[in-house]
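The stops below go one by one.

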Amino acid sequence: MSPTGNGSSNGDGSDVTTEFEPILFEIIEGAIESARREMEIQVERTARSTIVREQHDHRSGIFDSHGNSVTALSFASVPTPIMNKFAGNIHRDDVFLYNDPYKSDGGITHLGDMCITRPVFSGDEIVAYVQVFGHVNDIGGLTPGSVPLTAFEIFQEGFVVPPVKLYDRGQLNVALFETILNNSRFPDDLRADIDAFVNACGIGVVRVEELCERYGAEALAQTFQGLLDRCTRSLRETVLPMIPDGAYTFEDFCEYVDVQPREPRHYVKLRATMTKTPDGINFDFSGTDPQIKGSLNWPANGRYYAKSLGTLFLAFAPDMIINDGVNEVITCTLPERTVLSPEWPAACGWRTFPLLRILDLGLGILAKASGGFVPAPSESISSYGLFGHNADGDYFLLREITGAGSGARPFADGADTVDVAPESRNMPAEFAETNFPVRIVRLGLRQDSGGAGTFRGGLGYFKDIEILVDGEMLIHSDRATLQPWGVNGGCAGLGSVWLLNPDTPDEAVLPGKSDSIPVRRGDILRVLSPGGGGWGDPLNRDPEAVLLDVRRGLVSAESARDDYGVLFLPTDDEYELRIDAEATAAQRDSLRAERPPLKLFDRGENFYRLVSEGKITLTSDDEELAPAG
C-alpha cells in the first residue's frame, strides 16, 4: 500500500508530503524491514547469554528523526530519552546506552532490558535512529538474573544506568563500560551482549545510510511518514467502523501470593474502560490497584500502552502493521501511582505479569464490544532459573522461558507452547545439557491443558528436568490459581504447576513465585505450563477433531467424554479408536440439558470460588457473567 495523504505534521510545525511514487515507497519499506531483521540476526549470531541468543528475548527497531517507531515489533525502547538529554550533542558514531525505567520515556520498563541507540546522519542532519534492546542475563541486584520478586525499591533490582554515551564519536568510554560490567555476576555474558547490540545497531546505521545515498533523505522521510500515516488510516478506516460506539469495562488480576511480606496482598487488579467513538478509542485505567511494594509495577506510559493494546486490533485488520501511527487513534488515561503508573523508586522487575495481563484486559474489553469475536487469553511467559556452582566450580545461571499454550481463536485452535515475545523459541535440550548441569528427561505437550471449546486452547509444556548439582532454583510464573479464561462458551485453560520430584514419596508442589528454592543433585523439576483458554461451545466441536486430539494424546478420553461429549467404540488400541456416533449424540444432549447457561467468559472454578470467599471482588458490571449470545 502506498501513502496517499496530502501531508502530515512532523511535530515541529513542518509538513512532509507523503504522496509520491508507490513503487519507491514499497522498495524503501522493504529495505527498512530487511535492515531490522538483519540487525536481529546479528544479535543472534554474536550475543552470549542464553535468554538473548537462544530464546530471542531482544528487539530491533528503526525510528524517524522525531523518535517515532516506523517498524513493527519494537514496542518498548524509544530514542526520545537520548534526543531530550543530548539535544545538540549527538554526533556521528555516537552510541548511547540506558536501562533506567524511570528515565526511558515509558520504553524500557525493567532493568534487565539494556538498550543501545545510534543516530543515523545524512550530511549534517539526523535522519533516523536505530535501536536494539535485549534482556541481559544479570545486572546485579538481590538475586541472580536481576528480577527479584521481593524487591521493594528499584535499587534492589540491579545497576541503574541513565541515558549515557557509551561511545563518543566512535571512542569507547572504557571506565563507564567497566563499571557496568563490574555490577554483573556474569560480566563476560554482559560484555558480549552489549557488543552484539552495538554491532547490530552499526548494521542498521549502514543500511539506512545506504537508502539515503541511493534515494535521498527526503524520500526516506516521506516513507517514514507514509508508514505512520498508513497505520493511522488502517485504524480509522478499517478497525473503527467494525467496533460499536460505546463504553466497555473489564477487569483481570495478577497473582501476588507470598511475594512481599510488607504488603500481604494476594491479587493485583487491573481495570480498564474502553470508550469508542467514531473518531478514536480511549482506554481509561481508573480502578486499577495502587502501586505495590513488590516488583509487579509497570512504569510505562500511555503511548506504550496504546501501541501494546493496538496489536489486539490485528484481529480486525490482520494485514495492518502497528507502529507509532497508532497513537493518532488510540489514547490512554492513566491515574497516578497505580501498578501501571508507579512513582520512582518503586520496584518493577516483574512488570512481565501486568504486561501480559493488560493484553488479556484488552481481549476482555473487545470480547464485550464484538460479541466474543476475539481470541481467548493465555499466560505465555512461565520461567524458571537454576543457579549455583557446576562441577568445575564455576558459578552459573540457567534461565528458560517455557512459554505456554495460546488462546483459541474464533476460527482455529490455539497454538501450543508459545512465548508472547515475537519470534521467540524454546531452549534446545542439547544446548541446555551441554552448557549447564541439567538433563532433560522428558519434554512434550501437557495433555488436557488447553481449555475445551469449539476451538481448543493451545497446550502448555510437560517438561522434566534432572538437576545434576546442588543449587537453588527460582520460579516466576502466573495463572496458577487464576486460569486463562475461555470466551463465548469456551472453558478456561489449566494454570501453571511446578513439582519437585513428582511421582515419588518426596513430591512437593512448589510456589509459582519464588526467588530461592534449595535443590539437590538428582532432584527432578517438572514444569507444567498453562494452556490457553477455549473458544465457543465445546459440544459444537467437530467430533473428528476430538478423535484426532485423543489419538495424538493431546486430549484424554475422559475429557473427550466429559467436556466434548464424544464417546468411542470399545478397542484396545487407541490408534484404532472410532467414534460411537449414536452414543456421542446422546451424551451431548445429556450434557446440554444438565449444564448451566454458557458464559461470555469462563474464568475457571478457582476464580469463582475466590469471589464467593470474598478474596476477589469484581467492581465492573456483571455483563461478563451473562450468557453468551
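Start with helix H10, where the buried residues pack against helix H11 (557–562). Contact here means heavy atoms within 4.5 Å. Helices are DSSP runs of H or I, at least four residues; strands are runs of E, at least two; both are numbered from the N terminus.

A word on the model before going on. It is predicted, so local features need pLDDT of at least 70 and side-chain atom pairs count only at pLDDT 80 or more, while totals for chains, interfaces and linings use all residues. Residues are numbered from 1 along each chain as its sequence is written, and side-chain values use heavy atoms, with hydrogens and water left out.

**Stop 1: H10**

Select 543–551. Val546, Leu547, Asp549 and Val550 are the buried residues of H10. They line one face of the helix, because seen down its axis they fall within an arc of 160 degrees. The arc is taken from the directions from the helix axis to the C-beta atoms. Buried means under 20% relative accessible area, exposed over 50%, partly exposed in between (1.4 Å probe, protein chains only).

Now go to the start of H10. A side-chain oxygen of aspartate 542 comes within 3.0 Å of the backbone nitrogen of glutamate 544. After H10 comes glycine 553, with a positive phi near 80 degrees.

**Stop 2: the two domains**

Colour domain 1 (21–229) and domain 2 (375–537). These bounds come from an automatic or database domain assignment. The domain centres, taken over C-alpha atoms, are 30 Å apart. Domain 1 puts 25 residues into the contact and domain 2 puts in 23.

**Stop 3: salt bridges**

A salt bridge is a side-chain nitrogen of Lys or Arg within 4 Å of a carboxyl oxygen of Asp or Glu. By this rule there are 44. How many lie between domain 1 and domain 2? The count there is zero.

Select arginine 230 and glutamate 29: their side chains form a salt bridge at 2.5 Å, N to O. Arginine 230 sits in helix H6 (residues 217–239) and glutamate 29 in helix H1, 201 residues apart. Both are buried.

Next, pick aspartate 503 and arginine 526, a salt bridge with its closest N and O atoms 3.2 Å apart. Arginine 526, at 10%, counts as buried.

Finish with a network of salt bridges: it links Asp252, Arg357, Asp360, Glu379, Asp478, Arg479, Lys513 and Arg603.

Methods. A polar contact is a pair of N or O atoms within 3.5 Å; within protein, one must be able to donate a hydrogen and the other to accept it, and residues adjacent in sequence count only if both atoms are side-chain atoms.
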